[in-house]
Amino acid sequence: MEVRDNTHSGHAVAHDVHDHGHDDHHHDHHQTFITKYIFSTDHKMISKQFLVTAILMAFLAMGMSMIFRLQLAWPDETFPFLESMIGKWGKDGKLDSGFYLALVTIHGTIMVFMVLTGGLSGTFSNLLIPLQVGARDMASGMLNMLSFWFFAASSLVMFGSLFIEAGPASGGWTVYPPLSALPQAIPGSGLGMTLWLVSMVLFIVSALLGGINYVATVINLRTKGMSMTRLPLTVWAFLITAILGILSFPVLVAAALLLVFDRSMGTSFYLSDIFIGNVPLDHTGGSPILYQHLFWFLGHPEVYIVLLPALGLASEVISTMARKPIFGYKAMIGSMLVIAFLSFIVLGHHMFVTGMNPFLGSVFVFTTLLVAIPSAVKVFNYIATLWKANIVLSPAMLFAIGLVSFFITGGLTGIILGDSALDINLHDTYFVVAHFHIVMGSSAIFGMFAGVYHWFPRMYGRMMNKSLGYLHFWITIICVYGVFFPMHFIGLAGVPRRYYANTAYEGFDQLININELISVFAIIAGVAQVIFAFNFFYSIYRGRKAPQNPWNSNTLEWTAPVEHVHGNWPGPIPEVHRWPYDYSKPNAKEDFIPQTVPYSQTPESNRPGDF
Amino acid sequence: MMITILLGTLVVIRLMSVSQMASVLSGEDEDVAQKRDNSMNSIGMVLFMVIGLALMVYMTIKYQPFMLPVAASVHGVETDFLLNINFAVIGIVFFITQIMLFWFVYKYQHDKNRRALFYPDNHKLELIWTVVPTIVLSALIVTGLREWNKMTQGHPDDGMVVQVYGYQFNWMARYSGPDNKLGRSYYKLISDTNPLGIDYSDPASKDDIMTKSNEMHLPKGVPIQFVFNSRDVIHSAYFPHFRTQMNCVPGMDTRFYMEATITTKEMKGITKNEKFDYVLLCNKICGVAHYNMKMTVVVDEPSEFSNWLKGEKKVIDAAPTAELEQNISTASTVSHEVAL
């Protein structure tokens, strides 16, 4: 009975935020352009704002990767268009070696934070949490709006840092001091690094405002009947992700703050015994390793902040399109919880070769390899869901299957890297680059694509073109494997990452044709994303009008009208009577039974233990 | 080029509106997957899997000679063996799961007249695929940790102490001399003639030897205790052939224990490459010339090694007298400061 109030408070939210009676999209007299599209407090609009910002940032970061892939594959060529594109950094068509590092750094930062954290959680937590739990809006529309605008400000600052004289931050996306603390060590550690830190702090504010809101909404605003065990796996994933973020992001703020002190106030948290630019510095007593511990306390959970929402989206898409309940619903939740817990105690596996006490190293090996167990359970559950299913291959479903494939491939190499004895030789080589781009980067971006294709009708009331979707999927999956799989070979040959050119050691010359292959795939993949962008923006305006429930899905968001209304449902909030995965239930009239259908209406398909 | 893209886009837009109209007229509904889409894409999935796995095997064989260059250290041979066991285990899992994934997509494609099997869970099955990976992983953890402990603990202390010192953007090496003890060093003592900041007042520094060129030598078959540190930012000393890597952290000593097993000369024969040289690379981003920070490493027979070492200068001989006095007085203030 405790849920009954929710309907009430849900109404209250709608009332607070919007004038009563102006729910209909077409008759929004009181909504100005600014309140509707810019400072909107409606979760559906905010989710679209996150998505579009993330798409723009993703294109920027992808463009960067194409530039440095040119350098890596054809180190002796010149590309005259570089000079017109990036000015002094591409003088005479040759990429500057310092700017190469800047590109690598900003590519990583944007992809990890702006695209796969802000873009993924921001878009889909915002869109789906209220719609799937049956709430009128987020717990706080105001915080939600602020969350987006902090994100936008953070993205702008990061983008702006590209245009300053000394160039943007260039110490790698992990910005380890002392390199990131000392402008004498690398030009990017001057103003560029300051802007990076400002941008990150803004980003963390955004992530925290968002996260608190997501947790509050899931805990408090579930509709009548929506018990925790009836939540779709998407919502579980978003909830766990938000909790991870709330617990780990503040530690990154602490790390960043101490770095700011070291940079500008002469403290020595991370610095000690440094002789640079022909002078000894006064800093003494600090430890650069302290930064790494703090950074990875966020950095590792961050991997799951990126991955869990993608897995949640994939669970939902796979179950819906396979027309079959997700296998092991409770095991899926359990494994997400275990992964989330473990993610806080594995940070040391990034630091096996920092001189950390070997015993501590062994502990981290143990905890790290434990993560493989819940991950394996998830993979087997996905495969079991597909077994004897009735699979509709929509573009979203293809991307979800691609995600599972990447999750397997990248997850397995993690077993090797998590083994300290083996990590010694592979640490910071291209093997690592291959591993995390597949398991985290590609999996998560495929989850995001699956989400966009699947919920586009819910966002814009129109369908995306499926043929372009298929084309986009096939080029992308082939190219992603084409780019990242061969990197394992280069890594095993011992090529370090973040090298501007592999000329240091003549043995690496023989690998140049692999690098060419990778770059060709990377460029094709980049161009193929234009297909997606075109399909996306074209379909917003010209796509076919979407039916209310295009995928015959069970979850609540498809009971809301196609045209967005404030408060999501024009009438009362629907009540929930069953779990979200009653697909292909024996004897049921249709192969799906929405969550809103009471058991009393489906006597033919009810099973013992259902209620 | 821009024009081509523009024209292409326009053509696509036209075609899309046409196909959209056609499908609306023919009654074919929406942008939802149809039977044809399902069969085309599921065939695509199987082809992708088969061709992908075949290419993977082909490339693995083709690039075999470059991957894992011959291991030239005692522990390197063991970790390579361990790595190959790991690859075998994950390889099996990789093939089984990927084949099942893509095969199921093909096999269970949509059919209007069929229902999927309602099969929400099976505790026995779930237990099996929780327990089996746990057992396999335990085995991997145990073997991995045994190797790790062997590498990091319980070495004899008699390994030859060699210091590897990183700075932007080069390496230096210092040998501890007959006493097998490195003299104290302090960063405020660094000067042109004393690049390591050695404290000459420490008796242990008297016999220390520093390499004069960008080349270090190591004796074959002699255990070596590396001591790493850095002058400015974090570097990482990576010897790919020795399977050895350790970060060089300013303000702190890190250590690695290893033993080289193949001389450079022998390796030239093994790789059939007259120009072969071992190399020390920097493997932690350290600045704009990071990619150029390397040192040649030569592994000699022990007798050749001692001859080479005799030709290198003692650090203390390199210092001009005036500087020597200056150094010792600074060193005493410093040690005074430190003592305080």
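Across the interface of chain B and chain A, 30 residue pairs are in polar contact, both partners at pLDDT 80 or more. The model is a predicted one. Seven elements of chain B each give two or more residues to the side that touches chain A: the helices α1 (2-25), α2 (35-62), α3 (74-107) and α4 (123-152), and the strands β7 (244-248), β8 (254-259) and β9 (278-282). The top contributor is α4(B), with 16 residues. By class, this side of chain B holds 61 nonpolar, 35 polar and 19 charged residues.

**Extent of the interface**

Contacts involve 115 residues of chain B and 137 residues of chain A. The size of an interface is often given as the accessible area lost when the parts come together. Here the area buried between chain B and chain A is about 11000 Å². Carbon and sulfur atoms give 68% of that area. Which three residues supply more than any other three of the area that chain B buries against chain A? They are B:D31, B:F118 and B:Y291, with 8% of that area.

**Salt bridges**

A search of the whole structure gives 18 salt bridges over all chains. Between chain B and chain A the count is three. One salt bridge joins B:K284 to A:D428, at 2.7 Å from N to O. Some salt bridges share partners, and A:D428, A:R497 and B:K284 are joined into one network in this way.

| Residue | Partner | N to O distance |
|---|---|---|
| B:K284 | A:D428 | 2.7 Å |
| A:E575 | A:K224 | 3.9 Å |
| A:K589 | A:E604 | 3.7 Å |
| B:D80 | B:R243 | 2.7 Å |

Take A:E575 and A:K224, whose closest N and O atoms are 3.9 Å apart. A:E575 lies in the segment after α17 (512-542) of chain A, and A:K224 in the loop between α7 (191-220) and α8 (233-264), so this pair ties together parts that are 351 residues apart in sequence. How accessible are the two partners? A:E575 counts as partly exposed because its relative accessibility is 34%. A:K224 also falls in the partly exposed class, at 24% relative accessibility.

The pair A:K589 and A:E604 has its closest N and O atoms 3.7 Å apart. Both residues lie in the segment after α17 of chain A, so the bridge ties together parts that are 15 residues apart in sequence. A:K589 has 69% relative accessibility and therefore counts as exposed. A:E604 is partly exposed, its relative accessible area being 31%.

In chain B, the side chains of B:D80 and B:R243 meet in a salt bridge at 2.7 Å, N to O. The two are 163 residues apart, and the pair links distant parts of the chain. B:D80 sits in helix α3 of chain B, while B:R243 is in the loop between β6 (235-239) and β7 of chain B.

**Aromatic pairs**

Over all chains, the count comes to 68 aromatic pairs. One of them joins A:F39 and A:W149. Their ring centres are 5.2 Å apart and their planes stand at 45°, so this pair is tilted. A:F39 counts as partly exposed because its relative accessibility is 42%. A:W149 is partly exposed as well, at 29% relative accessibility.

In chain B, B:F94 and B:F95 form an edge-to-face pair. Their centres lie 5.8 Å apart, with 85° between the planes. B:F94 has a relative accessible area of 10%, so it is buried. B:F95 counts as partly exposed, at 28% relative accessibility.

**A buried serine**

A:S121 is placed in helix α5 (residues 97-133) of chain A. Why does A:S121 count as buried? Because its relative accessible area is 8%, and buried means under 20%. Leaving aside its neighbours within four places in sequence, A:S121 is in contact with A:N126, A:Y214, A:T241, A:I305 and A:P309.

Definitions and conventions: Residues are numbered from 1 along each chain as its sequence is written. Chains are lettered from A and ligands numbered from 1 in the order in which they are written. This is a predicted model: local features need pLDDT of at least 70, side-chain atom pairs count only at pLDDT 80 or more; totals for chains, interfaces and linings use all residues. Side-chain values use heavy atoms; hydrogens and water are left out. Contact means heavy atoms within 4.5 Å. Buried area is the accessible area (1.4 Å probe) that two parts lose on being put together, summed over both. A salt bridge is a side-chain nitrogen of Lys or Arg within 4 Å of a carboxyl oxygen of Asp or Glu. A polar contact is a pair of N or O atoms within 3.5 Å; within protein, one must be able to donate a hydrogen and the other to accept it, and residues adjacent in sequence count only if both atoms are side-chain atoms. Helices (H or I, at least four residues) and strands (E, at least two) are DSSP runs, numbered from the N terminus. Ala, Val, Leu, Ile, Met, Phe, Trp, Tyr, Cys and Pro count as nonpolar, Asp, Glu, Lys and Arg as charged, and the others, Gly among them, as polar. Buried means under 20% relative accessible area, exposed over 50%, partly exposed in between (1.4 Å probe, protein chains only). Rings of Phe, Tyr and Trp (its six-membered ring) pair if their centres lie within 6.5 Å; planes under 30 degrees apart count as stacked, over 60 as edge-to-face and the rest as tilted.
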